Amino acid sequence: MKHLLNGGKTLQTGKRFRIFEFKQDCMKNILCLSLILGCFAFSYGQQPVRKGSAETATISLPTVQCEECKDRIEKYLTREDGVLKATVDFKRKTCKVTYLWDRTTIENIKTAIANIGYDADDVAADPEAYKRLPTRCKKPEDGGGPEKK
């Protein structure tokens, strides 16, 4: 019987078993795996780091009518996750929102405004929420608008 380290046959299978070839195959696998992981880590590290940075956007609110609308939108938006500050100018029909870009998006904020019952840029108001608005907060063509004196 030859020594197993020198390429002799094993007793059970009859196949050649070489310890040094087995170690080389393992080393090749480990080397390939480490290269793949290294490439992944390098490409992941190239992403810009802006964690926690705030962005400001202006949203057009064509259906805002009064001070009550302003208060309703500001109060609702400050409860949204990631929104730091919301300022509505009902005379100019705009909303200036400061938010954390890694926690929400401008599209989510527009959708939140639409869920209250107001149009936000290109996002139409939710019809059910619009029905629940007070009459003075609805569009003039629906009989709403500021009270007449």
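Which residue takes a positive phi just after α3? Gly-117 does, with a value of about 125 degrees.

## About the model

This is a predicted model, in which local features need pLDDT of at least 70 and side-chain atom pairs count only at pLDDT 80 or more, while totals for chains, interfaces and linings use all residues. Residues are numbered from 1 along each chain as its sequence is written, and side-chain values use heavy atoms, leaving out hydrogens and water.

Helices (H or I, at least four residues) and strands (E, at least two) are DSSP runs, numbered from the N terminus.

## The sheet

Let's start with the strands. Three of them form an open sheet in the order β1-β3-β2, with antiparallel pairing; two strands pair if DSSP finds at least two bridges between them. The edges are taken by β1 (54-60) and β2 (83-89), each with a single partner strand, so one side of each has no neighbour in the sheet. From one strand to the next, the twist averages 15 degrees.

Six bridges join β2 and β3 (residues 94-100) in the antiparallel sense. Along this pairing, Asp-89 stands opposite Thr-94 in β3, and Ala-86 stands opposite Val-97 in β3. The hairpin of β2 and β3 has four residues between the strands, and Lys-93 takes a positive phi near 60 degrees there.

## Helices on the sheet

Now for the helices. Helix α2 (residues 67-78) packs on the sheet, touching β2 and β3, where contact means heavy atoms within 4.5 Å. The direction of α2 makes about 170 degrees with that of β2. Axes are lines fitted to C-alpha atoms, for helices over the stretch in contact, and angles run from 0 to 180 degrees between N-to-C directions.

Helix α3 (residues 106-116) lies across β1, β2 and β3, running at about 45 degrees to β1. The buried residues of α3 (under 20% relative accessible area, with a 1.4 Å probe and protein chains only) are Ile-109, Lys-110, Ala-112, Ile-113, Ala-114 and Ile-116. These buried residues pack against β1, α2, β2, β3 and α4 (127-132).

## Where α2 meets α3

Two packed helices are described by the angle between their axes and the distance between the axes. The axes of α2 and α3 come within 10 Å and cross at roughly 130 degrees. That makes α2 oblique to α3, since angles under 35 degrees count as roughly parallel, over 145 as roughly antiparallel, 65 to 115 as roughly perpendicular and the rest as oblique.

On the α2 side, the contact is made by Arg-72, Ile-73, Tyr-76 and Leu-77, and on the α3 side by Ile-109, Ala-112, Ile-113, Asn-115 and Ile-116.

How values were computed
Buried < 20%, exposed > 50% of the residue type's maximum accessible area, 1.4 Å probe, protein only.
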